[in-house]
Amino acid sequence: IIMSVVCGQTVQLVCNQTGTAFTMSPATIDINAPPATADLSGGGLDTTYGMPTVEFYDEYGSYIDGRTALAVSADGTWLQASVPDLSGAYSGSYTIVIVNATADGTRNIVGTANVWVYGNYPPPPDPQPDPCTEGGSRPMECYATY
């Protein structure tokens with residue numbers, strides 16, 4: 001499917017391919033001391049039309065960053081890729097999508113892996129003011145006697 005995407009627009013990708021479940025090593029990443037590279041093991045990797053890419057997505061499906069594999073095994077069962085800059089990311093679960101290059105430039109999703117990122121927890125939400133004690137007029141329920 002070919003579609004136009006406007007800058008800033010959110011588009012849902014419908015994946016008809018199930019792919020292979022890959023494992024990532026390391027299985028966790030400390031944002032404050034990330035590894036330079038990660039190894040992904042699975043199957044179906046193919047370098048015929050170029051090196052596969054590794055794409056990082058957050059828990060909401062937002063694209064974080066992608067990297068081209070640095071090395072791929074001859075039997076197509078593992079690859080090594082650099083870890084993208086995750087310094088602005090929050091702690092949580094991230095999905096890695098592994099994509100083979102194709103002759104016509106389309107996406108050939110080989111599989112996915114998960115990684116837990118930690119070390120940058122989101123700030124707590126701003127407290128909501130109490131309408132009975134914060135300035136302005138007081139709502140009726142503040143005058144009620146129980």
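Setting aside neighbours within four places in sequence, Asn100 is in contact with Gly44, Leu45, Asp46, Pro52, Thr106, Asn108 and Val110, where contact means heavy atoms within 4.5 Å. Asn100 sits in strand E9 (residues 92-100). This is a predicted model, in which local features need pLDDT of at least 70 and side-chain atom pairs count only at pLDDT 80 or more, while totals for chains, interfaces and linings use all residues. Residues are numbered from 1 along each chain as its sequence is written, and side-chain values use heavy atoms, with hydrogens and water left out.

**The chain overall**

- The protein chain has zero helices and ten strands; both are DSSP runs numbered from the N terminus, helices being H or I with at least four residues and strands being E with at least two.
- Read from the N terminus, the elements go β-β-β-β-β-β-β-β-β-β.
- Of the 146 residues in the protein chain, 27% are buried; buried means under 20% relative accessible area, exposed means over 50%, and partly exposed is in between (1.4 Å probe, protein chains only).
- Take the contacts in the protein chain between residues at least 6 apart in sequence: 55% of them join residues at least 24 apart.
- The protein chain exposes about 9700 Å², with carbon and sulfur atoms supplying 54% of that; accessible areas come from the Shrake-Rupley method with a 1.4 Å probe, and for residues only the protein chains shown count as cover.

**Back to Asn100**

- Asn100 counts as buried, at 4% relative accessibility.

**The four-stranded sheet**

- Four strands form an open sheet in the order E2-E4-E8-E7, with antiparallel pairing. E2 and strand E7 (71-72) are at the edges with a single partner strand each, so one side of each has no neighbour in the sheet.
- Strands count as paired if DSSP finds at least two bridges between them.
- Strand E2 (residues 23-25) pairs with E4 in the antiparallel sense over three bridges, and Thr23 has Ser41 in E4 as its bridge partner.
- E4 and E8 run antiparallel and are joined by five bridges; Ala38 stands opposite Ala81 in E8.
- E7 and E8 are also an antiparallel pair, over two bridges, with Ala71 opposite Gln80 in E8.
- As background, side chains in a regular strand alternate between the two faces of the sheet.

**Gln80**

- Gln80 belongs to strand E8 (residues 78-82) and counts as partly exposed, at 26% relative accessibility.
- Apart from neighbours within four places in sequence, Gln80 is in contact with Thr37, Ala38, Asp39, Ala69, Leu70 and Ala71.
- Gln80 and Val54 are 26 residues apart in sequence, and their C-alpha atoms are 9.4 Å apart in space.

**Salt bridges**

- The whole structure has two salt bridges, each defined as a side-chain nitrogen of Lys or Arg within 4 Å of a carboxyl oxygen of Asp or Glu.
- One joins the side chains of Arg107 and Glu55, at 2.9 Å from N to O. Arg107 is in the loop between E9 and E10 and Glu55 is in strand E5 (residues 53-57), so this pair ties together parts that are 52 residues apart in sequence.
- Arg107 is partly exposed, with a relative accessible area of 38%, while Glu55 is buried, with 10%.
- Arg67 and Asp65 form a salt bridge too, with the closest N and O atoms 2.9 Å apart; Arg67 counts as partly exposed at 26% relative accessibility.

**On the surface**

- Trp116, Tyr118 and Tyr121 make a nonpolar surface patch of about 350 Å²; patches are made of residues with over 30% relative accessible area and no salt bridge, joining like charges within 9 Å and nonpolar side chains (Val, Leu, Ile, Met, Phe, Trp, Tyr) within 5 Å.
- Trp116 lies in strand E10 (residues 108-118) and is partly exposed, with a relative accessible area of 41%.
- Thr10, in the segment before strand E1 (20-21), is exposed, with a relative accessible area of 75%.
- Thr10 and Ser62 are 52 residues apart in sequence, with 8.5 Å between their C-alpha atoms.
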